[in-house]
Amino acid sequence: MLRFRVFILILFLILVSKSFAQNSGIKGIIVDENNGQPIAGATLTVKGTNKSQVTDSDGNFTIQIKEGVYVLKISSFSYEPKEVTDIIVKKDDVNFISISISSKKNQLEEVVIKSTKAKQESVKALLSIQKNSANVSDGISAETIKRTPDKNTSDVLKRISGASIQDNRFVIIRGLNDRYNYASLNGSPLPSSEPDRKAFSFDIFPSNMIDNIMITKTASPDLPGEFAGGVVQINTKSVPDKNFQSITVGSGYNSITTFKNNRTYVGSSTDWLGFDNGARAMPSNLPTTEVFNTLNYQDKALLAKSFQTDWSINDAKFKPNTSFQYSIGRHFDIKNKVFGMLFSITHNVTNNFNQITRNEFDSGDSNLPSTLTSTYLDKNYSQQVLSGLLGNFSFKFNENHSINFKNVFSVNSTDLVVERNGQRDLTSTGVVSADVRWFTSNKIYSGQLNGEHYFPKPKIKILWNGFFSDIKRSIPNLRRNIYYTIDPNSADPIENTPIASIASNNGGPDYGGGMFFSENNETVNGGKVDFIKKIIFTDDFLTDIKVGGLSQIRSRNFFSRQLQYNMMTIGGNFDYNLLYQTNATIFSASNMGQIAPASGGNPAVNGFTLYDFTKYTDSYDAGSKLNAAYVMLDNRYKKFRFVWGLRLEDYLQTLNSRLSDNDYLNLNRRQQDILPSANLIFSATKTQNIRISYSKTLNRPEFRELAPFGFYDFTNQFFTQGNPDLKICKIQNIDFRYEIYPGKGQLFSVSYFKKYFQDPIELKQELNNKTVTYRNANSAVNSGVEFEFRTLLSSIFNAENAPLLDDITLFSNIAIIKSKVDLSNFTSSTNNEKERPLQGQSPYVFNGGIQYMNKDNGWVVAANVNRVGNRIAFGGSEVEPSIWEKSRTFLDMQISKSFYNNKLELRFNAQNILAQDLIFYQNKTNNSVNHDAAFVSLTNTVFTGSSHNDNGYNKNLDDTIWVTKFGRTFSLSISYNF
């Protein structure tokens, strides 16, 4: 019924939209040719008409006009007049053009008007904007995103220079893991989406809702002070320049999933939308843990009957992946006032099957293979649902004043079934069969109300922003069960029949019948305001003074409950025959409590009951208040630009949790920091920049990292524990960059960076390698170089009149990074890891590709390759070496063809063509003596920091912990623009 209503709503929007008139016209931006700054108050006139316009505070203009070919005249005080010819306006279309104008040089009268063609002018102006950024930054646009097979934001991020993705969700920038990065949506902060790490899960947002993503890698006073890798700025699509509506539908095939066997269970009727409707919820009559533990055994058994959950796992077939998006945008001009709105709905379903081999080893010599003690084979059956709603509104009062309201609601869910089989102890014949039903749902709403105001006489611009974000992460009834077979090959039915491993008055991951519930609710709200004043001292010397402030309040409430079915041994004899029942019947209501009345003098026969092993630390409340103020000066003198200033951040963090009956954790920490930064840019020529940057930034502990809560992850069998003693990490950053913009959208750059960390936070194993926690190391150093280029084949072969070569673009970026963290403050180690790379840091990150795009024939062909070096997933303990993630190469391709004046597009994608295994290992070849060839040694030194690649993977010597197999994905979609 709900699907039918959604269909009717979309159909209604399509029909209603036909009543709106379409618009044609010219839209664009005017910038200073020398520095790329937008020019406010410039006058534009369409020759031969009465159409004219004045640019707003950001240099933007919009002129509505019917189809035709026009000449546009631009004039502005202290700038040379200019005419742009050959501006083509098509019916029901808006032509966007960027125009650069040059300042007058001591002339009293107007000179002869210079004329240029629209195509040439747009390229020239766009390059001026790109090279004028105050920070070292890299990004990706909606057009580029469209030419990749990426469905969500995490896939898109790995295309950006120096960025990679871990666990398919978390971004790593310049080799620094997710905790060192800051995420924002439309200029507003995004809180951590994860209950067990300081990270934002970027797979939450559909890629087709993104207008652009920018990663800023150097600090300035107007940016948040809490980052070291980069600030990830996601901007959703804005209101349209013209009326439009579009619809896209698609389907996908995975080589090891689609139409293959699937294992699933009964969930809820709304799982297809990405959330549970309450079918998995705890019974309403279940009391709190404190009350539950005071009940007698009869009452506990009665409550056990109220859980009417079906534990059976059933056979099915995987369906093809599906994708759908409908968007509609409207643009209105009302008496020189402009109103726009954009709505979009997205729904993607992705099915996956993975096979994972899991091994455990004893502790052996660091240079010799360990003894394999246990091995398991996991079969993972999952379905990911990604739904999104976008609603943006904008109102422009005049050229100088506007407001906009942006809203994004996203629902992301993963429904996972894992069936695990293997031997816990290879010295025995026993076989373990375990399974899990794990549904996780993320709901995110983010809204921003922004205003821009420019006052021409004092040359003051005011920018303000109010924001609110709400994240809800739910795990409703994660269920685990375990069976044990003494000897599958025995003729004895007692030994060859699986028996459920059920505890008696106990609980934990070693027993079956476990149920885990959790809710993580978090909100972020606040606002910020910026004041910008331009001061022109001379034609060559000008300054922008920018001052501003931010106030942000964040709160989190985390709740979890852990229940387990137990054998009921009080008040009668337990019926051990129940342990031989399968998942389909073992936990049915008829098996709870007393299941056979006492008769004939026989004792009562009992079944299962409930055991609540929820700990006090399984829930916590946390909050933070951040108040920041800054002053920034942007000085320009001829070819030099110096952006510098100070940022003051006052941060209060609280966390409350109960440790035991009479012991509480009440953290209340406040710290003030002064964060200076400076960026010097020297424009050697109109196409070349040299940048030098320095900044001080921070990395604060996340709520989860401080909380004493511990969580068992069935998939990797680790127990993650918080640490209330964590300190704030302080970071010193140095950057150098040389960049060239040779024209035609081309770019060449080389960068060097170095970062010094005091008290870096590392995720490491404890003495028991099944427990990981967070610890402050003494210090760390991270440094590296980045190379990037984007060029046309016509430029490489110096063939200006070769249209085919002009349509082919080559692009690549590579970062080579080295880090060293000092672990000497940890307990004396015996595994040679007192110094090692930072956890999560890759020694290199490579992206590359080739694209053919011809707008005349509508063909686009693109190929992308991505690879990151081996990196530490979990730092080592005093006796256990670190667990490394082996590098993999991803190869993706896309072919698309447009028809009917770009109204219809067919797109074929091939993703993860190489389908390489994901391997985690413990390195056993440290201090090895190898005799590699000179070239191999040099390559190893550059890309891994070691001539022998000591941290690399050697399948014959290293301990292979996990191996995951993946399939190739092929998809076909069709889009139509109305």
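Visitor: In which loop is P760 placed, and is P760 buried or exposed?
Guide: In this predicted model, P760 lies in the loop between β39 (746-758) and β40 (761-765). Its relative accessibility is 0%. Because the cut-off for burial is under 20%, P760 counts as buried.

Visitor: How far apart in space are P760 and L838, C-alpha to C-alpha?
Guide: The residues that P760 touches, not counting those up to four places away in sequence, include Y180, C729, V821 and L838. P760 and L838 are 78 residues apart in sequence. Their C-alpha to C-alpha distance is 8.8 Å.

Visitor: Why are the buried residues of α6 on the same side of the helix?
Guide: In α6 (residues 297-305), the buried residues are K300, A301, L303 and A304. They are on the same side of α6 because the arc they cover around the axis is only 155°.

Visitor: What covers the buried residues of α6, and which residue caps its N-terminal end?
Guide: The cover includes α5 (289-292), β27 (541-567) and β31 (608-612). At the N-terminal end of α6, a side-chain oxygen lies 3.2 Å from the backbone nitrogen of Q298. The capping residue that provides this oxygen is N296.

Key:
Residues numbered from 1 in each chain as written. Predicted model: local features only at pLDDT ≥ 70, side-chain atom pairs only at ≥ 80, totals over all residues. Heavy atoms only, no water. Buried < 20%, exposed > 50% of the residue type's maximum accessible area, 1.4 Å probe, protein only. Helix = DSSP H or I, 4+ residues; strand = E, 2+ residues; numbered from the N terminus. Arc of directions from axis to C-beta. Contact = heavy atoms within 4.5 Å. Polar contact = N/O pair within 3.5 Å; in protein donor to acceptor, adjacent residues only side chain to side chain.
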